[in-house]
Amino acid sequence: MAPVPTLLVPRVGPRVFIRTEATVRRLTKKLRLHPHPSFNLTSTSPKGSHIIHNPPSAAPTPYVTPSLFLPALDARRKLSPPILPAEPTPAPTEAALADSKPVVAVAEKPLPPPLSQPYEKTYHLTPEDFDEIRRLRVEDPVKWSANALARKFNVSPLVIGIAAPAGAERWSAKEKELEKVKSRWGKKRTLAREMRTRRKEEWFKGE
Amino acid sequence: MTLKRLRPLLRLRPVAPPSQRLLIRSVATTTSISTEPPVRTTPPPCRTPSLSAKLPALHSRLSLHPAYPIETLARALVHSSADADHRFNNHTLATLGDSLLQYLVSEHILTKFPRLPTAIHQAAIDAYAGHEALDHLGRNTWGIEVAYAPVAEVDAGLLQLKRLPPGEAPGLTPDSGVTVEYAMASAVRAIIGGIYLHEGGLPAVRQFTRLHILSRKLDVEKMFLIKKPTLELSRLCAREGFESPVARLHAETGRLSSHAVFVVGVYSGKNLLGEGHGGSLQEARTRAAVNALKAWYLYSPLEKDLPSKTLEDPKVEFKPAFIDAGEVII
């Protein structure tokens with residue numbers, strides 16, 4: 001009878017994770033953080049005993065009022081004055097131009113990119129346009145929805161909602177439609193939607 | 001039979017609490033409590049304050065002045081549902097204490113956060129001096145105990161009230177009974193009213209309120225619910241003459257993953273108004289607007305001068321509180 005190959009013999013005893021030198025070394029190196037630069041003493045640091053203020057990063061607290069929101073008489077406004085838009089200066093006279101020194105442009109830190117491109121409001125709708133919007137809305141509320149009217153008149157749907165709100169019938173029809181969709185949801189989707197609504201409520205509390 | 005097997009039998013045996021047993025024995029003597037009280041000139045002899053050990057203990061725990069009589073403290077613990085006679089219950093004292101508390105707490109919040117919307121201002125007053133807050137103070141901090149029923153033998157150091165039967169809503173008059181919470185709050189207010197009468201008026205009440213009521217931490221930031229934050233913020237900026245707010249992306253990670261994080265700041269011109277983070281751009285933008293509005297409403301002046309100090313000394317120098325246009329109306 002041929003001997004049983006040793007590889008097929010099942011191993012006896014528990015499988016224990018053995019921490020090798022390589023693993024320890026890797027972990028220790030990961031944990032070995034250098035102190036933050038603010039803790040290092042340099043030639044510019046104060047000579048006597050002093051406090052190093054280096055708080056851990058955290059979300060900003062609303063109890064600290066931004067300088068723009070401080071009233072004009074508040075002393076804190078002087079510490080970090082708000083950046084107000086430059087007022088249009090009168091055109092310099094010739095004499096002033098002759099005396100003036102060359103202006104050195106100061107490179108400003110650019111602002112972060114906007115989420116959506118800011119735009120100026122145009123206020124281009126005329127009273128006739130508003131009448132037309134109301135007429136179309138009454139004529140066929142299904143075809144002329146807020147979005148369709150907004151596209152036609154090049155405004156936001158919010159404006160349409162203010163100018164010609166949908167009637168109660170349209171609202172109830174939409175709600176019925178939504179109920180019909182909701183009735184097809186299973187347990188999981190209903191719960192997931194419910195949780196999403198609850199999570200969204202937290203946005204408005206700032207929690 | 002083991003103890004384990006005895007237990008269900010023991011449970012069946014009704015054991016009335018001591019105060020209830022008193023009630024059963026003294027029904028004949030106290031039937032006149034809820035009906036028309038006979039004309040009396042002195043409080044009922046059963047509530048003799050000098051016989052109670054709890055009253056001096058409470059007096060001492062609250063560090064009341066020796067000029068504050070034990071009798072007033074005893075009267076502060078009798079709710080009008082237990083004794084309808086206004087000369088012996090705490091109704092008048094509680095009314096006085098409530099007026100003082102409302103004034104001092106309202107003044108404190110108004111000078112600390114002058115821009116708070118009215119609803120949140122009212123909620124903050126309730127959080128400091130509402131029924132629930134005062135009940136908690138009286139019961140858990142001051143250790144006032146409650147009598148089961150206002151009967152003859154009851155200790156004068158216990159809060160006396162006629163309990164509301166379970167499942168019934170409190171009526172307009174205290175005849176049908178009140179909740180313990182309500183009666184406890186009235187006792188706390190009455191004790192404060194007594195301080196005004198016996199310890200030298202407003203300065204003593206101010207100090208007592210500062211130590212016991214206003215010393216409690218209230219996170220006003222958590223009381224906000226702003227339904228249309230972006231709209232409200234742009235209305236605010238338009239009203240105050242600031243440039244209209246623009247949301248800008250500070251940082252992001254994992255935009256294409258299922259767990260993206262965005263940090264968005266909302267700017268007016270070059271001024272950062274608020275910052276928020278979230279799992280979507282919409283969430284981060286909304287949170288940033290909420291934080292900016294909170295920062296506006298939670299402005300607190302550096303110098304907070306309380307108007308009540310002029311009531312104590314009309315000649316004292318006083319800087320009026322900060323007032324602005326009020327909350328934003330959408």
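Is Asp135(B) buried or exposed? In this predicted model, Asp135(B) counts as buried, its relative accessibility being 9%, and yet its side chain takes part in a salt bridge with Arg139(B).

**Chain B as a whole**

- Chain B is built from 12 helices and three strands, and 43% of its 330 residues count as buried.

- Side chains of opposite charge can pair when their charged atoms come close.
- Between Asp135(B) and Arg139(B), the closest N and O atoms are 3.1 Å apart, and the two residues form a salt bridge.
- Both residues belong to helix α7 of chain B, where a spacing of four residues places Asp135(B) and Arg139(B) about one turn of the helix apart.
- The two partners fall into separate classes of accessibility, for Asp135(B) is buried at 9%, whereas Arg139(B), with a relative accessible area of 37%, is partly exposed.

**Pairs that link distant parts of chain B**

- Lys54(B) and Glu145(B) form a salt bridge in which the closest N and O atoms are 2.8 Å apart.
- This pair links distant parts of the chain, since Lys54(B) lies in helix α3 (residues 54-61) while Glu145(B), 91 residues away, sits in the loop between α7 (131-141) and α8 (180-198).
- Lys54(B) is partly exposed at 32% relative accessibility, and Glu145(B) is likewise partly exposed, with a relative accessible area of 42%.
- A salt bridge also brings together the side chains of Arg189(B) and Asp98(B), with a distance of 3.1 Å from N to O.
- Here too distant parts of the chain are linked, with Arg189(B) in helix α8 and Asp98(B) in helix α5 (residues 91-112), 91 residues apart.
- Arg189(B) counts as buried because its relative accessible area, 9%, is under 20%, whereas Asp98(B), at 25% relative accessibility, counts as partly exposed.

**Salt bridges across the structure**

- Over all chains, a search of the whole structure finds 19 salt bridges.
- In chain A, Glu132(A), Arg135(A) and Glu139(A) are joined into one network by salt bridges that share partners.

Terms used:
Residues are numbered from 1 along each chain as its sequence is written. Chains are lettered from A and ligands numbered from 1 in the order in which they are written. This is a predicted model: local features need pLDDT of at least 70, side-chain atom pairs count only at pLDDT 80 or more; totals for chains, interfaces and linings use all residues. Side-chain values use heavy atoms; hydrogens and water are left out. Helices (H or I, at least four residues) and strands (E, at least two) are DSSP runs, numbered from the N terminus. Buried means under 20% relative accessible area, exposed over 50%, partly exposed in between (1.4 Å probe, protein chains only). A salt bridge is a side-chain nitrogen of Lys or Arg within 4 Å of a carboxyl oxygen of Asp or Glu.
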